[in-house]
Amino acid sequence: MHTGRRNPSFNFDSWAILARENPQLFEIKRKNIIEKAISRSSPQRQKRLRCLQWQLDQIRNTSRTPLAASLRMQRMLWEKLAGDAGLLACLQGLAAEPNPCRHTATILPFRV
């Protein structure tokens, strides 16, 4: 029996059986779990997470097979991580001068 790392109560095998035997119920449960996870985030982050989930759902809907969807999602992840404007570039920019990722601000004196 396979269990997820982050949630020991998650049972991969039972989800796989549900997906195979009752795809409609699987989708309902999948969407409910995703919505619960998103709703636990801050309101500012919820909008971004819903947009990201929409993108992932569109990849699933337009891919010919689950494997094709998985590969497209993996490509998207790597682009967000290592692409031109990805996380890696931003982190490397933090160490370089001038820093393109850091915003500047004027510090105003506060008199007491």
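**Pockets and cysteines**

Guide: The lining of the largest pocket splits into 13 nonpolar, 3 polar and 4 charged residues. Keep in mind that this is a predicted model.

Visitor: What volume does the largest pocket have?
Guide: About 810 Å³. It is lined by 20 residues, and those closest to its centre are Phe10, Arg30, Ile33, Ile34 and Ala37.

Visitor: Which elements give two or more residues to that lining?
Guide: Helix 1 (12-21), helix 2 (23-39) and helix 3 (43-62). Helix 2 has the largest share, with 7 residues.

Visitor: And the second largest pocket, how much space lies in there?
Guide: About 340 Å³. Its lining includes Phe26, Glu27, Arg30, Arg60 and Arg64. Arg30 is also among the residues closest to the centre of the largest pocket.

Visitor: Which helix supplies the largest share this time?
Guide: Helix 4, with 5 residues. Helix 4 spans 66-82, and helix 2 also supplies at least two.

Visitor: How do the residues of that lining divide?
Guide: Into 5 nonpolar, 3 polar and 4 charged.

Visitor: Switching topic. How many disulfides does the count come to?
Guide: The count is 0. The rule asks for a pair of cysteine sulfur atoms within 2.5 Å.

Key: Residues numbered from 1 in each chain as written. Predicted model: local features only at pLDDT ≥ 70, side-chain atom pairs only at ≥ 80, totals over all residues. Heavy atoms only, no water. 1 Å grid on protein atoms, 1.4 Å probe; cavity = no way out; pocket = protein on both sides within 12 Å on 5 of 7 lines; lining within 4 Å. Points joined across faces, edges and corners; volume = space filled by probe spheres on them. Helix = DSSP H or I, 4+ residues; strand = E, 2+ residues; numbered from the N terminus. Nonpolar A, V, L, I, M, F, W, Y, C, P; charged D, E, K, R; others polar.
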